[in-house]
Amino acid sequence: MSTLVRSHPPQDHRRWQWLALAVAFGVLVWLLAPILTPFVIAALLAWLGEPLVRRIERGGRTRTTGVVLVFCLMTSVIVLAVLLLVPLIEGQVSKLIDWLPRLGAWFTGTALPWAERRFDLDLAGYFDPSQLIELLKQHWQEAGGVAATVFGGVSKSGLAVLGWMANLALIPVVTFYFMRDGAAMLARVRELLPRPIEPVVVQLTQESDQVLGGFIRGQFSVMISLGVIYATGLTLVGLELGILIGIVAGLVSFVPYLGAMIGVAAAVIATLVQHGDLLHLALVLGVFGLGQLLESFWLTPWLVGDKIGLHPVAVIFAIMAGGQLFGFLGVLLALPVAAVLVVVLRYVHGRYTHSRLYGADESGSEAAAAARQIPVGAEGDAYPNIDEPMPEGPGFGLADGPGHVADPPEARRDPPVSP
């Protein structure tokens, strides 16, 4: 009786194969970076809209209906934000440029004399606001000249204009298809994974989605809410630059307390320059105090909850490193890659602490059982949940319907026939 013995490549050889695939993938992304940007933007928009699509599906609607509703909602929000925010921010920046002489006069006539009397220092000889103001104005004019030159050059190049317009028009089209067929695409990718590593990869993917979702869907919502609160409050107080200061403070608030610190410093200076009384100063401090209370006791528990988020230092480093390596595409990919790295490092750490190398149980039974349970993500509706049956709709021509995940070859074999 002969037995068929399957031969597997050595473990070290398999690891080198995975390393070579990772390097080849990185080189391919670097080479295709100029054309990948609209696809990455579309994928991120589709990922952001996926939870709302699933909620509409659970309400009894088809996936196509949910995708159309969410797509129209996202398009309306983006168009409205552009139409409202761009003129508003432009007006605030122009007002800031007009404010520079008043700001310089306040520093020279009020701030510097007070600091010299308070700390017994001679600062007037080392700080000249007029030179700084002239330098800012000069660079602002140069920036405008550079922008005019760039746009003028682009307008002269018909191919560049057509390429830019094509990429811009490609984003909504690809976003719609990613939202409609994204789960089926992920199901096909899951089929291609080697069977020994498929459970671990799926588990890590689900936890990476929870980490990234906890930051983007949660923390970004907190940032936008704080920006609206600060801008509205400072405007009601009577600060002319309140909208600009509030928006900046809200956007920087992904680093804890940094947004409030920058906003308070800028708002206090602007209040002293514009009003110069204690009443308006107290009102400005009250606005930021109210914003911090709302963030701590309402916004963060409601929008973020107990989801796992990325550390602010990791976010800053990931964005800077991605921009340095891959340009604008790297900035878009920075947060997803950082989320995956955080999950993988946590997985490796858990496996190591349950290994014999770390000093776990020498029998290995308890360590192996515990290691198989790592990582354990937060409970919730993880995306993608490929085990759920896909709704009816266009797929990829699968014989068993869109979204069906084929069973492994061993599971499809016929049972042995009893003699």
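S208 counts as buried at 10% relative accessibility, where buried means under 20% relative accessible area, exposed over 50% and partly exposed in between (1.4 Å probe, protein chains only). The model is predicted: local features need pLDDT of at least 70, side-chain atom pairs count only at pLDDT 80 or more, and totals for chains, interfaces and linings use all residues. Residues are numbered from 1 along each chain as its sequence is written, and side-chain values use heavy atoms, with hydrogens and water left out.

**Surroundings of S208**

- S208 belongs to helix α6; helices (H or I, at least four residues) and strands (E, at least two) are DSSP runs numbered from the N terminus.
- A polar atom of the S208 side chain lies 2.8 Å from the backbone oxygen of L204.
- Not counting residues up to four places away in sequence, S208 touches A339, V340 and V343, a contact being heavy atoms within 4.5 Å.

**Overall fold**

- The chain has 13 helices and zero strands.
- Of the 419 residues in the chain, 29% are buried.
- Among contacts between residues at least 6 apart in sequence, 72% join residues at least 24 apart.
- The chain exposes about 26700 Å², of which carbon and sulfur atoms supply 69%; accessible areas come from the Shrake-Rupley method with a 1.4 Å probe, and for residues only the protein chains shown count as cover.

**Nonpolar cores**

- The largest nonpolar core has 21 residues, of which Y230, L234, L239, I245, A267, V284 and F288 touch the most other members.
- At least two residues of this core come from each of α3 (63–119), α6 (198–237), α7 (242–252), α8 (258–274) and α9 (278–304).
- A second, separate core of 15 residues includes W47, L310, L335 and A338.
- A nonpolar core is defined here as a set of buried Ala, Val, Leu, Ile, Met, Phe, Trp, Tyr and Cys residues joined through side-chain atoms within 4.5 Å.
- L239 touches L234, I245, A267, A270, T271 and Q274, with residues up to four places away in sequence not counted.

**Nonpolar surface patch**

- W16, L19, V23, V27, L28, W30, L31, L32 and I35 make a nonpolar surface patch of about 940 Å².
- Patches are made of residues with over 30% relative accessible area and no salt bridge, with like charges joined within 9 Å and nonpolar side chains (Val, Leu, Ile, Met, Phe, Trp, Tyr) within 5 Å.
- Helix α1 (residues 11–31) gives the most to this patch, with seven residues.
- L31, found in helix α1, is exposed, with a relative accessible area of 53%.

**Salt bridges**

- A search of the whole structure finds seven salt bridges, each a side-chain nitrogen of Lys or Arg within 4 Å of a carboxyl oxygen of Asp or Glu.
- R190 pairs with E198 in a salt bridge whose closest N and O atoms are 2.4 Å apart; R190 is buried at a relative accessible area of 13%, and E198 is buried at 9%.
- Salt bridges that share partners join E50, R54, E57 and R63 into one network.
- Within helix α2 (residues 33–58), E50 and R54 are four residues apart, about one turn of the helix; their salt bridge has its closest N and O atoms 3.1 Å apart, and both residues are buried.
- R188 and E191 form a salt bridge (2.7 Å, N to O) and are three residues apart in helix α5 (residues 158–192), about one helical turn.
- R188 is partly exposed at 34% relative accessibility, and E191 is partly exposed at 22%.

Conventions
A polar contact is a pair of N or O atoms within 3.5 Å; within protein, one must be able to donate a hydrogen and the other to accept it, and residues adjacent in sequence count only if both atoms are side-chain atoms.
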